[in-house]
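Open your viewer and get ready to select residues one group at a time. We will walk through the model together, stop by stop.

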Amino acid sequence: MKSVAVFAALCSSAVAFAPAKGPASPSSALHAASPFADEIGAQVPLGFWDPLGICADGDRENFDRLRYVEIKHGRVAMLAVVGYLTTYAGVRFPGAEDIPAGFAAWGALPLNVWVQMFFTWSAMEMINRDASEVHGYKPEFPGDFRNGSKINLDGKEKPFLDFGWDEQSEEWKRSKRSIELNNGRAAQMGILGLMVHEQMGNIEGPASPSSALHAASPFADEIGAQVPLGFWDPLGICADGDRENFDRLRYVEIKHGRVAMLAVVGYLTTYAGVRFPGAEDIPAGFAAWGALPLNVWVQMFFTWSAMEMINRDASEVHGYKPEFPGDFRNGSKINLDGKEKPFLDFGWDEQSEEWKRSKRSIELNNGRAAQMGILGLMVHEQMGNIDAILPFQH
């Protein structure tokens with residue numbers, strides 16, 4: 001894994017320095033050519049995202065059915081998020097004060113509640129079945145559940161549960177439907193995240209084995225252990241308190257983060273058209289891998305080897321013990337004004353422990369973000385979305 005990350009970074013930076021667009025992929029053509037490219041939900045940066053080509057045949061009935069399902073899932077998820085947060089805040093209906101929050105509620109609900117919910121779901125599904133015409137009313141769009149209901153106000157028959165919808169402009173309606181769709185998508189991810197983190201013990205509430213593990217960890221005060229996850233070790237890899245094992249893992253994490261930060265910079269730089277002299281014909285992105293000449297591969301191999309040998313496993317080198325995992329100064333010194341001072345130190349030893357901890361935390365978190373960032377860029381290039389994500393390329 002470490003070698004792959006280093007490889008990705010140096011490939012990105014080696015070509016750093018000719019205008020190039022990312023290689024086209026089938027999905028980018030699919031997005032552009034889709035008959036549903038102008039539907040709500042098709043927006044920057046993904047456009048009409050259908051990598052499996054489920055709607056590629058232009059079947060309107062199939063699309064409307066999928067959109068109906070998506071909207072309904074989104075509405076349920078929005079209710080679920082509100083209900084989850086409300087019950088965790090301690091709010092209950094009268095008579096339900098003893099029902100716990102989260103997953104624990106499933107086993108605590110009495111039979112009559114399950115029966116009520118079952119018949120409520122059944123009635124809703126029967127009334128709004130598949131967004132088909134009901135009592136001669138054709139829904140205006142997938143998810144329109146007004147079903148032609150009317151109410152008499154001031155001697156005039158008006159739509160019931162309409163809230164003035166029919167009086168609004170098409171632009172206003174499209175905007176509100178887009179907002180609902182996107183909120184529903186976010187809520188589906190949100191409720192899934194809440195459920196997962198409850199099981200991992202990261203939500204304040206019912207205790208779980210993993211929450212006890214986090215609290216009891218001997219490394220709970222290390223940098224990187226912070227809100228909301230604390231010391232996140234769901235597999236218990238560091239549960240035995242082995243300092244040598246923790247330092248080795250932290251060393252690997254920091255080095256991966258540094259490589260990933262270089263990789264992100266190299267990726268964005270090359271996509272912006274910047275190249276080293278003599279590398280003007282090297283394309284950006286994945287295409288660079290097959291275009292690098294042999295001498296570049298040789299240079300990178302020996303550079304990696306030298307770096308690994310000099311900084312191997314953060315062990316003591318030439319009698320110098322690193323101050324922390326990722327401290328690669330290796331005791332190097334330089335003579336300034338007749339005084340021997342650390343080389344490549346930049347005044348580190350003169351700073352307070354609080355300042356050092358802050359800077360190390362910043363580097364660690366930036367590295368974590370960069371690892372996700374370079375992975376995201378690589379995935380989206382293969383999906384054909386890179387043109388929308390990186391609009392500055394030319």
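Predicted model: local features only at pLDDT ≥ 70, side-chain atom pairs only at ≥ 80, totals over all residues.

Residues are numbered from 1 along each chain as its sequence is written, and side-chain values use heavy atoms, leaving out hydrogens and water.

**Stop 1: the whole chain**

Switch to a cartoon view and look for eleven helices and four strands. Both kinds of element are DSSP runs numbered from the N terminus: helices are H or I with at least four residues, strands are E with at least two. Of the 394 residues in the protein, 32% are buried. Buried means under 20% relative accessible area, exposed means over 50%, and partly exposed is in between, using a 1.4 Å probe and protein chains only.

**Stop 2: three rings**

Select F36, F48 and F63, which ring pairs link into a cluster. Rings of Phe, Tyr and Trp (its six-membered ring) pair if their centres lie within 6.5 Å; planes under 30 degrees apart count as stacked, over 60 as edge-to-face and the rest as tilted. By this rule the protein has 16 aromatic pairs. F36 and F48 make a tilted pair, 6.1 Å centre to centre with 45° between the planes. Both F36 and F48 lie in the loop between α2 (26–33) and α3 (60–88), so their pair ties together parts that are twelve residues apart in sequence. The rings of F48 and F63 have their planes at 45° and their centres 6.2 Å apart, so this pair is tilted. It links distant parts of the chain, with F48 in the loop between α2 and α3 and F63 in helix α3, 15 residues apart.

**Stop 3: salt bridges**

Stay on helix α3 and select R60 and D64, which both lie there, four residues apart, about one turn of the helix. They form a salt bridge whose closest N and O atoms are 3.2 Å apart. A salt bridge is a side-chain nitrogen of Lys or Arg within 4 Å of a carboxyl oxygen of Asp or Glu, and the structure holds 14 of them. Next, pick E70 and R185, where the closest N and O atoms of the salt bridge are 2.7 Å apart. This pair links distant parts of the chain: E70 is in helix α3 and R185 in helix α6, 115 residues apart.

**Stop 4: a lysine to look at**

Where is K173? You will find K173 in helix α6 (residues 170–200). K173 counts as buried, at 7% relative accessibility. Leaving aside residues up to four places away in sequence, K173 touches E140, W165, D166 and Q168 (contact means heavy atoms within 4.5 Å).

**Stop 5: the largest core**

Now select A260, A263, V264, Y267, Y271, A284, A370, I374, L377 and I386, the ten residues of the largest nonpolar core. The elements giving two or more residues to this core are α8 (243–271) and α10 (353–383), and the largest share, five residues, comes from α8. Such a core is a set of buried Ala, Val, Leu, Ile, Met, Phe, Trp, Tyr and Cys residues joined through side-chain atoms within 4.5 Å.
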